[in-house]
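Dear colleague,

I am passing on the structure we spoke about, with the sequence alongside.

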Amino acid sequence: MLHTPLADTKDVAIATSALKKQYKNGQFPVLKGVNLTIRHGERVALIGSNGSGKSTLLKCLIGLHAVNEGSVQTLGETFGSMPTAAQRAQLRKQTGFVFQKHCLVKRHSVLSNVVHGMLGLPGSWRAFTQATAPSRWRAKAMSALEDVNLADRARSRADALSGGQQQRVAIARAIVRGPRLIIADEPAASLDPVSGSEVMQLFSEFAQARGITLLFTSHDMDHAAAYSDRIVALKNGQILFDKASREVSDQDLRDTFQ
Amino acid sequence: MSGVSPDLRSRFSGMSSINFVLILVVAAIVLSSINSVAPSLGQLADGLPSMINLLDRMWPPNTDANFLTRVGMRLVETFQIALAGAAIGIALSLPIGWLAAKKVSPIGPASWLVKAIISLLRTIPDLVWALLFVVTVGLGAVAGTMTIVVDTIGFCGRFFAEAMEDADKEPQEALAAIGANKVSILMGGILPDAAPSMINTALFALEKAVRSSVVLGLVGAGGIGQELKAAFDLFQYKNASAIILVIFVIVLVMEFITDWLRSKLQ
Ligand SMILES: Nc1ncnc2c1ncn2[C@@H]1O[C@H](COP(=O)(O)OP(=O)(O)O)[C@@H](O)[C@H]1O
Ligand SMILES: [Mg+2]
């Protein structure tokens with residue numbers, strides 16, 4: 001058996017079993033058997049010290065990096081090392097991504113950046129700017145911008161916006177194709193505390209309102225606790241604890257980061 | 001010795017005997033080159049009278065209407081060679097630069113091969129290309145245009161590739177994660193970031209094309225240079241001086257225009 005059977009696949013957004021990952025040029029495994037299950041509509045914060053493998057785990061879940069052992073099931077697609085091209089297309093269609101700052105195309109308009117969220121869909125070669133994209137995609141992008149309260153900045157250049165506003169554009173780009181799952185790697189890192197909280201709040205409320213599964217990493221424990229239903233801590237390549245956010249104690253956090 | 005600081009002493013002793021010998025060899029080569037090919041004072045003095053004589057025979061420049069019309073037509077042809085050659089060369093440099101750009105190229109590590117070919121195009125001087133094309137496609141403007149195309153690819157191919165390599169990586173990775181293919185990443189992520197630098201390069205290429213198209217005629221590849229060569233060959237020095245003045249004016253005007261465009265595009 002590659003992986004243990006799951007209770008009910010229908011409820012499950014993400015499940016990994018005995019997931020192991022070692023980079024080719026790495027000396028030791030980054031992930032040493034991770035078993036993680038996330039149900040649809042859950043908001044989960046992934047925490048852990050720098051280099052504990054949070055980003056690596058996110059990338060394995062969506063097939064950006066190959067898994068060495070174990071298996072991954074994301075949105076009903078089960079794969080061993082890497083998803084097939086067809087599986088990957090399915091995953092991308094239903095998943096939105098947000099990364100750290102600096103992930104927008106600076107010299108493009110805000111609207112074009114949101115339209116980029118359509119790239120990879122069939123016929124999306126026209127989506128490299130808003131001007132060339134089909135008008136229904138432009139309309140979707142505008143409504144995504146309304147969701148993040150930036151519709152009035154649609155025509156501005158992306159780099160004319162503040163860091164917090166840029167991250168909201170990145171959120172709009174992630175939600176523009178109506179994903180069932182949003183994966184966000186340190187979305188609030190390198191923002192000032194106020195805009196960081198704004199961005200997290202927007203995220204979390206949006207996910208909750210639409211029943212979208214949200215998996216995000218953060219090194220800000222206040223964020224992790226305030227904007228998630230569950231916190232999963234990684235340490236030494238394994239899950240240290242996995243509990244409801246309100247049950248996480250100071251001692252748990254000390255254990256995670258010491 | 002207390003007078004020499006240890007720092008200075010280490011710098012002196014840092015010069016190994018190999019370095020010292022190398023410096024001597026280089027100096028010897030430079031001096032002997034000057035000795036054998038640079039003009040001596042005597043030669044300069046001898047040449048001066050014939051230089052003055054030539055200038056005298058060049059003055060005043062020919063302003064005959066028929067002649068100037070012919071020069072005007074040649075001038076138009078020169079611009080056509082420069083514009084057509086630069087436009088085609090810049091257009092071809094886009095895909096070629098993309099293929100050559102490290103980490104960005106759709107052909108992966110094979111990009112160095114494209115880069116090597118671009119270097120080859122650049123290393124061979126334009127007059128040599130012009131001679132090659134005159135031999136293969138015959139005398140005239142087509143050979144000139146082909147020369148400018150090749151020259152432009154050698155120049156723009158390299159700098160376009162570098163601009164694409166320097167484009168911000170984070171947005172490209174974000175687009176890749178969203179599922180964008182290589183072409184979409186190029187169009188949506190790389191080109192917007194590289195555009196200012198690439199436009200600058202293209203304007204320089206245009207300027208360069210005008211300069212080279214002026215001299216290509218010397219080897220029969222069309223344009224105003226052909227008229228200049230004819231004037232010298234037939235000892236029509238007043239024609240030659242008129243042409244040189246015209247060339248001087250266009251090169252200046254061209255520089256002015258591209259400078260102005262650059263400042264507009266900043
Ligand atoms: N592409 C890669 N190649 C090799 N090693 C990597 C790569 N990405 C990350 N690592 C290593 O894997 C470990 C975990 O990194 P990462 O997943 O980025 O941690 P985190 O996001 O928790 O800070 C680190 O030791 C890092 O150096
Ligand atoms: Mg990380």
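In strand E2 of chain A, Val34(A) is the bridge partner of Leu19(A), and I would start from this pair, bearing in mind that the model is a predicted one. Strand E1 (residues 12-21) of chain A and E2(A) pair in the antiparallel sense, over 7 bridges. Both belong to an open sheet of 4 strands with antiparallel pairing, whose order in chain A is E2-E1-E4-E5. Strand E2 (31-39) and strand E5 (77-79) of chain A stand at its edges with a single partner strand each, so one side of each is left without a neighbour in the sheet. Neighbouring strands of this sheet are turned by 10° against each other on average, direction ignored.

Two helices pack on this sheet. H1(A) touches E1, E2, strand E4 (69-74) and E5 of chain A, and its direction makes about 120° with that of E1(A), whereas H2(A) touches E4 and E5 of chain A, with a direction at about 135° to that of E5(A).

Chain A also holds an open sheet of 6 strands, ordered E6-E7-E8-E3-E9-E10, in which the pairing is mixed. Its edge strands are E6 (95-98) and E10 (238-244) of chain A, each of which pairs on one side only, and the twist from one strand to the next averages 15°. Within this sheet, strand E7 (residues 181-185) and strand E8 (residues 213-217) of chain A pair in the parallel sense over 5 bridges, and Leu181(A) stands opposite Thr213(A) in E8(A). Helix H2 (residues 85-94) of chain A lies across E6 and E7 of chain A, running at about 65° to E6(A).

The largest pocket has a volume of about 830 Å³. It is lined by 35 residues, and those nearest its centre are Lys59(A), Phe99(A), Glu170(B), Glu173(B) and Ala174(B). Helix H1 (54-61), E6 and E7 of chain A, together with helix H8 (169-178) and helix H9 (182-216) of chain B, are the elements that give two or more residues to this lining; the largest share, 7 residues, comes from H8(B). By class, the lining has 15 nonpolar, 10 polar and 10 charged residues.

As for chain A overall, it has 8 helices and 10 strands, and its C-alpha trace spans about 50 × 40 × 35 Å along its principal axes. A compact globule of 258 residues would have a radius of gyration near 18 Å, and chain A agrees with this at 18 Å.

With best wishes

Key
Residues are numbered from 1 along each chain as its sequence is written. Chains are lettered from A and ligands numbered from 1 in the order in which they are written. This is a predicted model: local features need pLDDT of at least 70, side-chain atom pairs count only at pLDDT 80 or more; totals for chains, interfaces and linings use all residues. Side-chain values use heavy atoms; hydrogens and water are left out. Two strands pair if DSSP finds at least two bridges between them. Axes are lines fitted to C-alpha atoms, for helices over the stretch in contact, and angles run from 0 to 180 degrees between N-to-C directions. Contact means heavy atoms within 4.5 Å. On a 1 Å grid over the protein atoms alone, a cavity is a set of points where a 1.4 Å probe fits but cannot get out, and a pocket is an open set with protein on both sides within 12 Å along at least five of seven lines; lining residues have an atom within 4 Å of a point. Grid points are joined across faces, edges and corners, and a volume is the space filled by probe spheres set on the points. Ala, Val, Leu, Ile, Met, Phe, Trp, Tyr, Cys and Pro count as nonpolar, Asp, Glu, Lys and Arg as charged, and the others, Gly among them, as polar. The radius of gyration is taken over C-alpha atoms; the globule rule is 2.2 Å times the number of residues to the power 0.38.
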